[in-house]
Amino acid sequence: MASIGFNATLGGRRTASDRLTAAQQSAFDQRARRLGHDPGQLLGAAELVSYPSLPTVAAVRALSAATSEQRRRRQAVFFGPSIALRRAIGQGVHDRTEAAVFADGQIDPADEARALMHFPFPTRVLSVRHRDVAAGECWDLSARDEQWGIDYRDDILSVVNIGSLYLAPGAVVAVRGNLLMLTVQRVICEDEGAPAQIAILPVPFPVDRRVGPLDGPGGPAGRDGTGGLDGVTAPTAPTWLGCDWLTEPIVPGACDGRDGGDGCDGGDGARGRNGAPSKIAEVTIGELTGPLTLVATAGRGGDGGRGGNGGHGGNGGHGADGQRTMQGILRPGHGGAGGRGGRGGHGGRGGDGGISSNVFVSLPADQEGRLRVLSHPAPGGRGSRGGAGGTGGTGGCPGIPARIPGSPALSEPGQRDRAPSGHDGTDGRDGMGGRSRPAPPVFVNGRPVEPVPGPATVGPPT
């Protein structure tokens, strides 16, 4: 059952009578009936929306606006280099199924059986006779999983039927990660101001099997090692002879400073997630008045998380001073060794850019010059820096020997040899960058368009 909605006003000179010719009105009505919508309910800016679940590949194919000649041309270019590379993996089944829907491919029984997991195919169908998109506005044609109760990563087909589409300067019509069949009888764009766009974009969230945000979180820093305790002198009591008397047995090693604890290793940074894919699209324009830009790209790979710094080693404890007792001279304690610094965590690898599918645009040949195509590659995420290794702890000082009458003066404490300091921890390795993916192949009236070398300025998924 279709639902009805209403758009904003048509505004002044862009009325129903002067937007579409009689032939364009008839073509829109015919397309609406084909999609199961009643043209009599599509007056002005009224919308009809329905949510069929299509049972077979043939049922999906029947919704395409492509003619037999357009299908033949598409099939001849469908399996270009970036698409052919994935024939042997699961995405190859998707590609061959899409060739049967959007082009003139023949799906074999094995592929059809493997594709059954995606059927019935969730589809959102929208018809509107007149639609205005204001300056700076983005009209998002995407549908999400909530309508069907499916997994958020499952494919969805968005079928859109428009009579006249007015795009003010800077207006955008976008689809994010849905398969798209967009048919517009007349697109009206202004000659001046920011260019209007149709944008074929990735879903606004990662869809790989990992969990977490697009950019990998950084690894936790390692804890610092604890400082070693200082050595303690033996317990004594004073005597009238000037030498102390041991009151308890000597504990071996009690006068030595304890070693500092080792710093803990920093945690590794997480790998960035793969960029979201952009899906196949069919854009059919009956008439284009004014300049229009088509942008197509998949999502960037997420940056790897930074490795956590290693913890610093604890300082060694100082040795206790020597003692002169009635039982004899007690040696000073040794200083404790410094703890080892923790290793820095490795930097996370960048995620790979998202994969793309074909985009087919059909419009009158004499209006091709009004369409500018910007098809961008999907960059891989940046690998992150490894964490710094922790500094080794400083060794403790030995105690001062007991002063014996007539002996030479002792060195100052700062000049005495310390126990060895701990080794510094090693720095973590930097993460590798993710792989970039080719731009979506875009074909205008069956002819390929040269992609743009650099990535698009599309915001990251949230």
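Helices, at least four residues long, and strands, at least two, are DSSP runs numbered from the N terminus. With that numbering, the second largest pocket of this predicted model can be described by its elements: α2 (22–34) and β8 (179–189) each supply at least two residues of its lining, and the largest share, four residues, comes from α2. The volume of the second largest pocket is about 300 Å³, and of the 14 residues that line this pocket, A27, R31, A65, T183 and Q185 are the closest to its centre.

The largest pocket has a volume of about 1,300 Å³. Its lining is made of 45 residues, of which Q91, H94, V207, P277 and I355 lie closest to the centre. Three elements, α5 (81–84), α6 (90–102) and β4 (121–133), each supply at least two residues of that lining, and α6 gives the most, with four residues.

A pair of aromatic rings is described by the distance of the centres and the angle of the planes. The structure holds six aromatic pairs. In one of them, the ring centres of Y51 and W148 are 5.8 Å apart and the planes stand at 70°, so the pair is edge-to-face. Because Y51 lies in the loop between β2 (46–50) and β3 (53–54), while W148 lies in the loop between β5 (138–140) and β6 (157–167), this pair ties together parts that are 97 residues apart in sequence. Y51 is partly exposed, with a relative accessible area of 34%, whereas W148, at 18% relative accessibility, counts as buried.

The aromatic pair of F119 and F121 is tilted, with 5.7 Å from centre to centre and 55° between the planes. F119 is buried, with a relative accessible area of 17%, and F121 is buried as well, with a value of 8%.

One aromatic cluster is formed by F78, F79, F360 and F443.

Notes:
Residues are numbered from 1 along each chain as its sequence is written. This is a predicted model: local features need pLDDT of at least 70, side-chain atom pairs count only at pLDDT 80 or more; totals for chains, interfaces and linings use all residues. Side-chain values use heavy atoms; hydrogens and water are left out. Rings of Phe, Tyr and Trp (its six-membered ring) pair if their centres lie within 6.5 Å; planes under 30 degrees apart count as stacked, over 60 as edge-to-face and the rest as tilted. Buried means under 20% relative accessible area, exposed over 50%, partly exposed in between (1.4 Å probe, protein chains only). On a 1 Å grid over the protein atoms alone, a cavity is a set of points where a 1.4 Å probe fits but cannot get out, and a pocket is an open set with protein on both sides within 12 Å along at least five of seven lines; lining residues have an atom within 4 Å of a point. Grid points are joined across faces, edges and corners, and a volume is the space filled by probe spheres set on the points.
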